[in-house]
Amino acid sequence: MFQVLLFSLSLLQAGFLIPGGDGVVMTSSNQNIEVREFERVLLPCKYDLERPQIARLEWKKIKKSQISFVYYAGGLMKEYQGRAEMSKSNIILQKVTRADAATYRCEVSAKDDSKSFAQSVIVLIVFVPPAVPTCKVPSSGTTGAVVKLSCFESEGWPPSKYTWYKDNLALTDNPARVKASTNTSYKVNRTSGSLVFTTVKKGNSGKYHCLASNGIGQAKNCSAKFMQINDLNVGAIVVSVVIVALVLSLCGLGVCYAHRKGYLGKKSASKKRTSDDKSGSSSNKDFKHTKSFVI
C-alpha cells in the first residue's frame, strides 16, 4: 500500500496524474452584473489548471456584433489604461460609463492541459438616470378635435416611464375610473410618453409638462407649455358659407344678364362675320386668279 502511494506521488510530480484531470476549468460562471454609471465594478474571471503552467489570458468586449480586445498579450488596451486595472485575472473598471455596457468574455488557454481552453461570459448592465425629456405640446386646438402630446428621452437605462401633468396635477392612466374626473376622453401611454385627447374640450386648456423616471437617479421633467383650446366658431363658418354663396350667385346672375343682353352673342357674331369676310376675300382672290388663267 505504501509503495502504491509513493508511485502515485511520483506520477503527480511528473505531471502524469492530476486529481480531476479535467484540463483548464473556469470556476467563475456566466452572469449578469448591474452597476450605476460612474461607479466601480469588478468583472471576475477565475479558473483552475490541470498542470502548472503560464496560461494565456484574454478579455474581449462584444457590442453590436463588434468584438474588440480589453486585455491582450499581458496588457490592457490603450482606451482602458488609466481607468481600469487587473486584479489577478479579474478586471476592475473605474467610473463605468454607459459606453461600457456590453458583453465581456474571459478566455483562458492552457496548451499543456488535456482540455486547453475555457471561457466565461459576463453581461455588464449600466444603469443611467434619465435626461431631460423632449416634450411636444400644441399651442392651440379646437374643441372636438384629436390632439396629441408627446414626451421622450433616449439616454436613461432602463427605459423611462412617463407621467403627464396638467397645471402641476398628475393625469391618471385611466381617467374613466376616477369619479371626480371631468374629462375621460384622453389616453396616457406611460411607456411611449404619449397623451392623446380623442375629443378635446375647452376645459383641457392649461399648462402641460411631462416627467421621465426610471428609478435611477433623479427624475427629469420638461418645461411646462400652455395649450389653448378654442370653441368651434359656428357663426363665422356660417357667415363665410353665405358670403361664398352670394358671390357665386352674383357671378351667375352676371353671366345670365350678359347673355340676355346679347353681349356674349354679339361677340360671337362679330367673330363669325370676321371669319366670313376673310373667307370671302380668299374666295374672290381665288376666283380672279382662275379667270386670269382661263384668258
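**Notes on strands and ring pairs**

1. Strand S14 (residues 147-152) and S18 pair in the antiparallel sense, over three bridges. Strands here are DSSP runs of E, at least two residues long and numbered from the N terminus, and two strands pair if DSSP finds at least two bridges between them.

2. A word on the source: this is a predicted model, where local features need pLDDT of at least 70 and side-chain atom pairs count only at pLDDT 80 or more, while totals for chains, interfaces and linings use all residues. Residues are numbered from 1 along each chain as its sequence is written, and side-chain values use heavy atoms, with hydrogens and water left out.

3. Now zoom out to the sheet. Four strands make an open sheet in the order S12-S14-S18-S17, with antiparallel pairing. Strand S12 (134-136) and S17 stand at the edges with a single partner strand each, so one side of each has no neighbour in the sheet. On average, neighbouring strands of this sheet are turned by 5 degrees against each other, direction ignored (the axes are lines fitted to C-alpha atoms).

4. What does strand S15 pair with? Six bridges join S15 (residues 161-166) to strand S19 (residues 206-213), and the two run antiparallel. Here tryptophan 164 stands opposite cysteine 210 in S19. S15 is also joined to strand S16 (residues 169-170), by two bridges and again antiparallel; tyrosine 165 has alanine 170 in S16 as its bridge partner. The hairpin of S15 and S16 has two residues between the strands, and aspartate 167 takes a positive phi near 50 degrees there.

5. On to the rings. Rings of Phe, Tyr and Trp (its six-membered ring) pair if their centres lie within 6.5 Å; planes under 30 degrees apart count as stacked, over 60 as edge-to-face and the rest as tilted. The count by this rule is three aromatic pairs. In one of them, the rings of phenylalanine 69 and tyrosine 72 have centres 4.4 Å apart and planes at 40 degrees, so this pair is tilted. Phenylalanine 69 is partly exposed, at 31% relative accessible area, and tyrosine 72 is partly exposed too, at 34%.

6. Tyrosine 186 and phenylalanine 197 also form a tilted pair, 5.8 Å centre to centre with 55 degrees between the planes. Tyrosine 186 lies in S17 (residues 186-189) and phenylalanine 197 in S18 (residues 194-197), so the pair ties together parts 11 residues apart in sequence. Are these two buried or exposed? Both tyrosine 186 and phenylalanine 197 are buried (under 20% relative accessible area, with exposed over 50% and partly exposed in between; 1.4 Å probe, protein chains only). Ring pairs link Tyr186, Phe197 and Tyr208 into a cluster.

Key
Axes are lines fitted to C-alpha atoms, for helices over the stretch in contact, and angles run from 0 to 180 degrees between N-to-C directions.
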